[in-house]
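Here are my notes on the model, as numbered points. Please read them with the coordinates open.

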Amino acid sequence: MKKLTILTGAGISAESGIKTFRDGDGIWENHSITDVASPEGWRKDRALVLEFYNQRRRQLHEVEPNDAHKLLAELEKYFDIQIITQNIDDLHERAGSTNILHLHGELFKSCSCNNKNLIYEQKSDINIGDKAEDGAQLRPFIVWFGEDVPLMKEAKKKAKEADIFLVIGTSLQVYPAAGLIHDIKDDCLLIVINPNETGFGYGQRAVVMKETATQGMKLLFDKLVNLA
């Protein structure tokens, strides 16, 4: 079975109604990214950070996977698939995909603010005073700006093994995830689906589809199956 590795970003989730993490002005839902997605923001105002992610978590209960998520899950019949996602939602899982690396954490999990290895399922709000078993305040299980990305080593390994590397809905501006396209083999087929695609440093190598995630996957699905 050929190895198909897929890197997904905010663009695939946006079509399910999830607002994108990052716009050009560095503002997320009227908040500075530093205020809600950094260790400094957490130290400054825990209540603000918790409520910000509580709102995101509530919204996640209300949205559903879209056709792009479902078609990626369907491809597991034909390929050895690894999804590497920058998204913190569970829409890939709900669509039926089974091999998913969440580089930036998971919204439906929490952890101790003193030990990120103490991880808990978290479908409801996190409140001030909610404690992990070590007595520390629970925080969102999210990789914030300035923190290490612990799954990056595994992601790089999966990228290097790929026969086909598919990029969907990411502008390849957030590192280290954006660097994964430089880890693929010389003979690996690189395909990019992004309506705003502008090159991103891979020259003429990529097959580029300037489409939304859902439309791009509908156009690409049969072509990929033929490559299996």
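**Notes on the model**

1. The backbone oxygen of Ile12 lies 2.8 Å from a polar atom of the Asn66 side chain. This is a polar contact, that is, a pair of N or O atoms within 3.5 Å, where within protein one must be able to donate a hydrogen and the other to accept it, and where residues adjacent in sequence count only if both atoms are side-chain atoms. The side chains of Asn66 and Ser16 are joined by another polar contact, of 3.1 Å. Asn66 sits in the loop between helix H4 (46–60) and H5; helices (H or I, at least four residues) and strands (E, at least two) are DSSP runs, numbered from the N terminus.

2. On provenance: this is a predicted model, in which local features need pLDDT of at least 70 and side-chain atom pairs count only at pLDDT 80 or more, while totals for chains, interfaces and linings use all residues. Residues are numbered from 1 along each chain as its sequence is written, and side-chain values use heavy atoms, with hydrogens and water left out.

3. Is Asn66 buried or exposed? Asn66 has a relative accessible area of 8% and is therefore buried; buried means under 20% relative accessible area, exposed over 50%, and partly exposed in between (1.4 Å probe, protein chains only). Leaving aside neighbours within four places in sequence, Asn66 is in contact (heavy atoms within 4.5 Å) with Ile12, Glu15, Ser16 and Thr214. A side-chain oxygen of Asn66 also reaches to within 2.9 Å of the backbone nitrogen of Ala68, at the start of H5.

4. Helix H5 covers residues 67–74, and its buried residues are Ala68, His69, Leu71, Leu72 and Ala73. The elements that cover these buried residues include strands S1 (3–8), S4 (80–85) and S9 (164–168), together with helices H1 (10–14), H6 (91–95) and H8 (213–227).

5. Strand S4 is largely enclosed by the rest of the structure, because 5 of its 6 residues are buried. S4 runs parallel to S1, with 6 bridges joining them, and Leu4 has Ile81 in S4 as its bridge partner. S4 also runs parallel to S5, here over 3 bridges, and Ile84 has Leu101 in S5 as its bridge partner. Two strands are said to pair if DSSP finds at least two bridges between them.

6. Thr85 belongs to strand S4. Its relative accessibility is 0%, so Thr85 counts as buried. The side chains of Thr85 and Thr8 make a polar contact of 2.7 Å. Apart from neighbours within four places in sequence, Thr85 is in contact with Thr8, His92, Ile100, Leu101, His102, Leu103 and His104.

7. Leu166 is part of strand S9 and is buried, with a relative accessible area of 0%. Its contacts, leaving aside neighbours within four places in sequence, include Leu4, Ile6 and Leu72, as well as Ile191, Ile193 and Leu220. Leu166 and Val207 are 41 residues apart in sequence, with a C-alpha to C-alpha distance of 9.5 Å.

8. S9 and S10 run parallel and are joined by 5 bridges, with Val167 opposite Val192 in S10. Strand S10 (residues 189–193) is mostly covered, with 4 of its 5 residues buried. S10 also pairs with strand S11 (residues 207–209) in the parallel sense, over 3 bridges, and Ile193 stands opposite Met209 in S11.

9. What is the volume of the second largest pocket? The volume is about 290 Å³, taken as the space filled by probe spheres set on the grid points, which are joined across faces, edges and corners. A pocket here is an open set of points on a 1 Å grid over the protein atoms alone, where a 1.4 Å probe fits, with protein on both sides within 12 Å along at least five of seven lines; lining residues have an atom within 4 Å of a point. The lining has 15 residues, and Lys116, Phe141, Val143, Pro150 and Leu151 lie nearest the centre. Strands S5 (100–102) and S6 (105–112) each supply at least two residues of the lining.

10. Ile128 lies in the loop between strand S7 (119–121) and strand S8 (138–142). Ile128 is exposed, with a relative accessible area of 53%. Beyond neighbours within four places in sequence, Ile128 is in contact with Arg46, Ala47, Leu50 and Gln137.
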